[in-house]
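Look at the charged side chains in the model below. Where do they pair up, and which parts of the chain do the pairs join?

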Amino acid sequence: MERNRKRGRFFKWMTKIGIILCAVAIIILVKNAVLSKIYPRLTFIGHASIKIKATTGEVIYIDPYFPTKSYGEPADIILVTHNHSDHSRIDLCAKKENCKIIRWDDALIDGEYQVFEEGNIRIEAVPSGGNTSHSLNNNVGYIVTVDGVNVYHGGDTSFAEETKCIADKKIDYALYTVNGVYTMGPEEATEMANYIGARVNIPIHGNGKEYWKQRRQFHAAGTKRMFWLQTIFMHC
């Protein structure tokens, strides 16, 4: 009898806990649904790959590569900073019928960095590269303006003199490679981030254990270290 009473109390507590967890989950879902109508979202997919989603639903992928099952939401726009295979897996992305694909050679023509207007989204190509593996002639970064928020993705850049013009662009969120293989490491990325002066600076580009150490060594003002598939709401 005593055992049955204990078992009954246990199941009552488990039921209460289940109800509380369900209530919390519903609150989180409702909160996210409301916030998604107010603020655009940024998802760090992994490596150097991100997704931006506007409050009006447009989906933008930059440098698709990793992990390979994270591009199921059909894209309105796909941006590629350069032709290396860990930045250019356009084939992984689901695409809307009128999806706009912008590659580095669309964005830099005869030495001129291009600007694209797609509905309420503005995309400006900017200098990127300046190291032995990434020439300034065939690499670009992108500034994506969505819902009034300026997001800078540097591609595999180094802190070259040509990139200093980005400091004039009033960047809100910036993403910098930090793995130091064929591009800049955390110290140089920190220096660049502090120079450009974005409000939020996010270290990216790496898959192994060394990357988790490098992202900790990135210590720019406004640093936000994101995990794979983590999503944040962005604001001006």
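The paragraphs below go through some of the salt bridges, pair by pair.

The model is predicted. Side chains of opposite charge can pair when their charged atoms come close. In this structure there are 9 salt bridges.

Start with Glu73 and Lys51, which form a salt bridge with their closest N and O atoms 2.8 Å apart. Lys51 belongs to strand S2 and Glu73 to the loop between strand S3 and strand S4, so this pair ties together parts that lie 22 residues apart in sequence. Glu73 has a relative accessibility of 26% and counts as partly exposed. Lys51, at 17%, is buried, because buried means under 20% relative accessible area.

Next come Asp76 and Lys96, whose closest N and O atoms are 2.9 Å apart in a salt bridge. Asp76 sits in strand S4 and Lys96 in strand S5, so distant parts of the chain, 20 residues apart, are linked here. Asp76 is buried at 18% relative accessibility, whereas Lys96 is partly exposed at 33%.

Glu124 is in strand S9, and Lys169 is in the loop between strand S11 and strand S12; the two are 45 residues apart and link distant parts of the chain. Glu124 is buried, with a relative accessible area of 14%, and Lys169 is partly exposed, with 28%. This pair is part of a network: salt bridges with shared partners join Glu117, Arg122, Glu124 and Lys169.

Key:
Residues numbered from 1 in each chain as written. Predicted model: local features only at pLDDT ≥ 70, side-chain atom pairs only at ≥ 80, totals over all residues. Heavy atoms only, no water. Salt bridge = Lys/Arg side-chain N within 4 Å of Asp/Glu carboxyl O. Helix = DSSP H or I, 4+ residues; strand = E, 2+ residues; numbered from the N terminus. Buried < 20%, exposed > 50% of the residue type's maximum accessible area, 1.4 Å probe, protein only.
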